[in-house]
Amino acid sequence: MKILLINPPRSPENNILKYAPSEAKRFIHKKLIGPPLGLLTIAATIKDHDVTVFDCKGEYDLVPDSPPLETMIIDLMNKYQPRIVGVTVITSEFDFSLEIFRTVKQVDPTAITVAGGLHATLSAPDFYDPSVDFIIPGQNPYIFREVVRALEQGTSFTEIEGLWTNSSKGLVKPTTKIPMWNAAGDGFLMPDRSHLKRWISTYKVGNSPYPSTYVFTSLGCPFKCTFCSIWSQYKGHYYQREIDSLIEELKSIDDYPVVRFADANTIVNEDFIIALFDRIEKEGIRKTFVMDIRADVAARRPDIIEKLARGGLKIVICGFESFRDVELKRYNKRSPASDNQTAVKVFGQNGIMVRGNYVIPPEYDYADFEALAEYSDRNRVVYAGYTILTPMPGTVFHKQVRDQIIDHDYKKYNFFNSVMKTKLDPEEFHERVGALWLIKKGTDVI
Ligand code: B12
Ligand code: SF4
């Protein structure tokens, strides 16, 4: 059976970039590059079918004057004539997912459409639209396989556990519990990156001449920061990959000298990361690694950071979030601001380049911006990262501030736009956030 899996384009909404001072614009991050691992995992469950993965982000990077999304999807539908179309969805790409589903139905009303991914997990009811047949929340590619099987065999979809169905009477929730599946452990499916060959030249980050890819060593996070979607997505669970399986994956990606770990938080199990890097050394695997590491881990375990640096760790993304303990407490970060300063030193001593990310709340006024600018100037890191505290649907923060949200346009939910009322004039607020991006050591953007 022909199946088409689509990664939607990025949201173009970026008020930080729009209002930033001109000298800061070139440093503001405009796009992230990486593979849609979720779709590759889905593709791995249905290998015995004729599967096409289409990366719209990669396509617009490769051919910037590609036709608009609707035309792109019409062309894809005519070319591949799929029976099922699946789309992976994060919040800021929700509108594009609906445009894709509607276009699919316009070309072929009999094609089955399925929504999955983070936004489908945290906000399934949003997909109540006649163009969406099924929603599959959670880490459940096997449910997708059941949909394929039912269509192939002409059996009923109603028996499939965990499947949300759209009907003329409304959205029908599954009556049975959504099955749990350990996507990192015995349920791990090796992503087949050959689906992405066409776009490999576009997967380059910053000034790197080499393409990079993402590999996850874990899923979820045991922490519970109020603004974060990830622990909500995994219901607070943390799943760790097996070392053998990771080594197998790392050995299979010779085309990618740069590997970014897709983990929410790479060092949770300290013994695991030590054992993994021992194996990487023993196997002679040489790569440049990029990881997300919490400041408190670097502050507490400089020995681990030193070991990882020896094993190829070159860039760390570190969620500083704030320079004030009171704000960090409010976000439930469970790490004081002093850890950020210690972490900057530890990473620096090991030659690791840091992207320290601050989140700017909408109530910041002139004095707050100045205080943050002064602090981040004193603790400069190589790459800048100043984004806006955003109430992502399904998070604790969203519940806390639901009534204060003034902009419900999901395209703006990508951390680059304030969707809540700002204390400063909105244009000035975004301009000031933009200006912060000048405070950093390096000249590159990642
Ligand atoms: C890799 C990654 C990317 C990649 C690839 C994403 C893509 N689709 O193109 C790239 C680099 C392109 C990317 C971009 C962005 N990302 Co991103 N990204 C991630 C990251 C690090 C890992 C996701 C991942 O691969 N997980 C592993 C896979 C296996 O899990 P999964 O995708 O959830 O898929 C499983 C299920 O969800 C399901 N599934 C997924 N898709 C589908 C589809 C169907 C049909 C079905 C049935 C099931 C299904 O099955 C899969 C297997 O179990 C997460 C953070 C994290 N650690 O989780 C952020 C994250 C998803 N990204 C996020 C954001 C905001 C962005 C950006 C908007 C950031 C920005 N400000 O620029 C940009 C997009 C636009 C841009 N400006 O570039 C947020 C999303 C928050 C939200 N609520 O929407 C996250 C959670 C990070 C965060 N700190 O909050 N990202
Ligand atoms: S912000 Fe980081 S540490 Fe906090 S819950 Fe999310 S992934 Fe975990």
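The exercises below, each with a worked solution, concern a predicted model.

**Exercise 1. Determine the strand order of the seven-stranded sheet and its edge strands.**

Step 1. List the strands in their spatial order. The seven strands form an open sheet in the order β2-β1-β3-β4-β5-β6-β7, and the pairing is mixed.

Step 2. Find the strands that pair on one side only. These are β2 (50-55) and β7 (170-172), the edge strands.

Step 3. From one strand to the next, it averages 20°.

**Exercise 2. Trace the pairing from β2 through β1 and β3 to β4, giving a residue pair for each step.**

Step 1. Start with β1 and β2. They run parallel and are joined by six bridges. Leu4 has Thr52 in β2 as its bridge partner.

Step 2. Cross from β1 to β3. This pairing is also in the parallel sense, with four bridges. Here Ile3 has Ile84 in β3 as its bridge partner.

Step 3. Cross from β3 to β4. Strand β3 (residues 84-88) and strand β4 (residues 112-116) run parallel, joined by five bridges. Ile84 stands opposite Ile112 in β4.

Step 4. Place the helices on this sheet. Helix α6 (residues 94-107) packs on the sheet and touches β1 (2-7), β3 and β4; the angle between its direction and that of β4 is about 170°. Helix α8 (residues 141-153) packs on the sheet as well, with contacts to β1, β3, β4 and β5 (134-136), and its direction makes about 165° with that of β3.

Step 5. Check how far β1 is covered. Five of the six residues of β1 are buried, so this strand is mostly covered.

**Exercise 3. Is Gly86 buried or exposed, and which residues does Gly86 touch?**

Step 1. Locate the residue. Gly86 is part of strand β3.

Step 2. Apply the cut-off. Buried means under 20% relative accessible area. Gly86 has 4% relative accessibility and therefore counts as buried.

Step 3. List the contacts. Leaving out residues up to four places away in sequence, Gly86 touches Leu4, Leu5, Ile6, Val114 and Phe144.

Step 4. Take a C-alpha distance. Gly86 and Ile136 are 50 residues apart along the chain, and their C-alpha atoms are separated by 9.9 Å.

**Exercise 4. Describe the six-stranded sheet: its order, its edges and its pairing.**

Step 1. Write down the order. This open sheet runs β8-β11-β12-β13-β14-β15, with parallel pairing. Its edge strands are β8 (212-215) and β15, each of which pairs on one side only. Neighbouring strands are turned by 20° against each other on average, direction ignored.

Step 2. Examine β8 and β11. Four bridges link these parallel strands, and Val215 stands opposite Phe261 in β11.

Step 3. Examine β11 and β12. Strand β11 (residues 258-261) runs parallel to β12 and is joined to it by three bridges. Arg260 stands opposite Val290 in β12.

**Exercise 5. Which residues of helix α18 are buried, and why do they lie on the same side of α18?**

Step 1. Pick out the buried residues. In α18 (residues 426-436) they are Phe429, His430, Val433, Gly434 and Leu436.

Step 2. Identify what they pack against. The partners of the buried residues are α1 (15-19), α2 (22-25), β14 (353-360), α16 (366-378) and β15 (383-388).

**Exercise 6. Characterise the surroundings of ligand 1 and its contacts with His29, Ser229 and Asn414.**

Step 1. Count the shell. Ligand 1 is surrounded by 47 residues, of which Leu32, Thr88, Gln139, Ala262 and Asn414 are the closest.

Step 2. Assign the shell to elements. At least two residues each come from α3 (37-45), β3, β4, α8 and α9 (230-233). The largest share, five residues, is supplied by α3.

Step 3. Go through the polar atom pairs, for which the cut-off is 3.5 Å.
- His29: a side-chain N or O atom is 3.3 Å from an oxygen atom of ligand 1.
- Ser229: a side-chain N or O atom is 3.0 Å from a nitrogen atom of ligand 1.
- Asn414: a backbone N or O atom is 2.7 Å from a nitrogen atom of ligand 1.

How values were computed:
Residues numbered from 1 in each chain as written. Chains lettered and ligands numbered in written order. Predicted model: local features only at pLDDT ≥ 70, side-chain atom pairs only at ≥ 80, totals over all residues. Heavy atoms only, no water. Pairing = 2+ DSSP bridges. Axes fitted to C-alpha atoms, helices over the stretch in contact; angles between N-to-C directions. Contact = heavy atoms within 4.5 Å. Buried < 20%, exposed > 50% of the residue type's maximum accessible area, 1.4 Å probe, protein only. Near = heavy atom within 4 Å. Polar contact = N/O pair within 3.5 Å; in protein donor to acceptor, adjacent residues only side chain to side chain.
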